[in-house]
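This briefing concerns a single protein chain, shown below. Please keep the sequence and the model at hand while reading.

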Amino acid sequence: MALINASGQHRARQDRSAHLGRLAARQVRVNGKTMHFCVSVESVPDDHLPVILVHGLGMSSRYMIPLLRYLAPHFRVYAPDLPGFGSSEKPRQALTVRELADALAAWVRVMGMERAAFVGNSLGCEVLVDLALLHPHLVDRLVLQGPTPDPKARGLVRQVVGFFAIAPFERWSLAWVALADYARGGIGRYILTLRSMVDNHIAEKALRVMQPTLVVWGTRDYIVPHAFVASLAGSLPRGSLVEIPGAAHGINYSHPKAFTAVLLPFLLAAREISRTQSSNL
């Protein structure tokens, strides 16, 4: 495992990211259900992998829009609403982590993408770990930001307490986005998905993830302890850890510029690897 401190690094790339990209909202049918997603519409190099952003528990693509705009000048970026959340159709039964991963894989195939880089937040990290194990051919690399759950804090009460502890360190508007998304998904679906989330053993699964994986943690993330993310990154066969000072759990929303600065070297590495392989043919 490599440890990277984000403070003061990649300033040139960070300045370039100051240009915010445009996006569009679209829908597509997947397995007979409608899935909503946001996508960037900037012109980007053909050799850059698409990047897919996966939201956390109860949230939607709206939560990923700040990061999407910062990444848009560099990649074709997508942010789907997982089934049951946001503007996507609501299945009768709340989907488990594994079922959400299968639904995401089906959406990727319908979109015609053969392989992509994936960035997840919170529950989205759990979905992506399952995606990497169940559908490895779709996943070039992973970013796990604020991965849950900490095995020492699996209880629902501990998760709720952590949520309130981070609130002062997030953008104030995040509360309104969260409340609106929770209302759209429904409290029943939220609780059932939370139960699947806290019962998921991401640390055990991480041992089998072979794709390059960057774990990102904010130093004020009181939902996910540093000891857990450090252990998780260390258990990943090709894992590394980056820390963003002053950020909490919703880095994609509250600190998208700092997040982009550490994402770009990792995501652009896929292009350099592809070019090296092509030149050796």
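The model is predicted. Its protein chain has a mean pLDDT of 86, and 81% of the residues reach 70 or more. Over residues 7-17 the pLDDT is below 50, although this stretch has 16 contacts in the model beyond near neighbours in sequence.

**Confidence at residues 277-281**
- For residues 277-281, pLDDT stays under 50.
- The model gives residues 277-281 zero contacts beyond four places in sequence.

**Nonpolar cores**
- The largest nonpolar core comprises 51 residues.
- Those with the most contacts inside this core are Ile52, Leu104, Trp107, Phe118, Leu128, Leu131 and Leu142.
- Helix α3 (residues 97-110) supplies the largest share of this core, namely eight residues.
- Another core, of 32 residues, lies apart from the largest one; Tyr63, Val143, Val262 and Leu267 are among its members.
- Leu142 touches Phe118, Leu128, Ala132, Val209, Pro212, Thr213, Leu214 and Phe266, when residues up to four places away in sequence are not counted.
- In soluble globular proteins, nonpolar side chains tend to be buried together.

**Helix α9**
- The buried residues of helix α9 (residues 226-235) include Phe228, Val229, Leu232 and Ala233.
- These residues lie on the same side of α9, because they cover an arc of only 125° around the axis.
- An α-helix has 3.6 residues a turn, so residues three or four places apart point the same way.
- The cover over the buried residues of α9 includes β7 (139-145), α8 (202-206), β8 (213-218) and β9 (239-244).

- Helix α7 (residues 187-198) has twelve residues and reaches 16 Å from its first C-alpha to its last, close to the 16 Å expected at 1.5 Å a residue.
- Its buried residues are Arg189, Thr193, Leu194, Ser196, Met197 and Val198.
- Asn200 is located in the loop between α7 and α8.
- With a relative accessible area of 6%, Asn200 is buried.
- A polar contact of 2.6 Å joins the side chain of Asn200 to the side chain of Lys205.

**Leu23 in strand β2**
- Leu23 belongs to strand β2 (residues 23-30) and is partly exposed, with a relative accessible area of 24%.
- Although Leu23 and Ser40 are 17 residues apart in sequence, they are 4.1 Å apart in space, C-alpha to C-alpha.
- Not counting residues up to four places away in sequence, Leu23 touches Val39, Ser40, Val41, Ile65, Leu68 and Arg69.

How values were computed:
Residues are numbered from 1 along each chain as its sequence is written. This is a predicted model: local features need pLDDT of at least 70, side-chain atom pairs count only at pLDDT 80 or more; totals for chains, interfaces and linings use all residues. Side-chain values use heavy atoms; hydrogens and water are left out. Helices (H or I, at least four residues) and strands (E, at least two) are DSSP runs, numbered from the N terminus. The expected span of a helix is 1.5 Å times one less than its number of residues. Buried means under 20% relative accessible area, exposed over 50%, partly exposed in between (1.4 Å probe, protein chains only). pLDDT is the predictor's confidence in each residue, from 0 to 100. Contact means heavy atoms within 4.5 Å. A nonpolar core is a set of buried Ala, Val, Leu, Ile, Met, Phe, Trp, Tyr and Cys residues joined through side-chain atoms within 4.5 Å. The arc is that of the directions from the helix axis to the C-beta atoms. A polar contact is a pair of N or O atoms within 3.5 Å; within protein, one must be able to donate a hydrogen and the other to accept it, and residues adjacent in sequence count only if both atoms are side-chain atoms.
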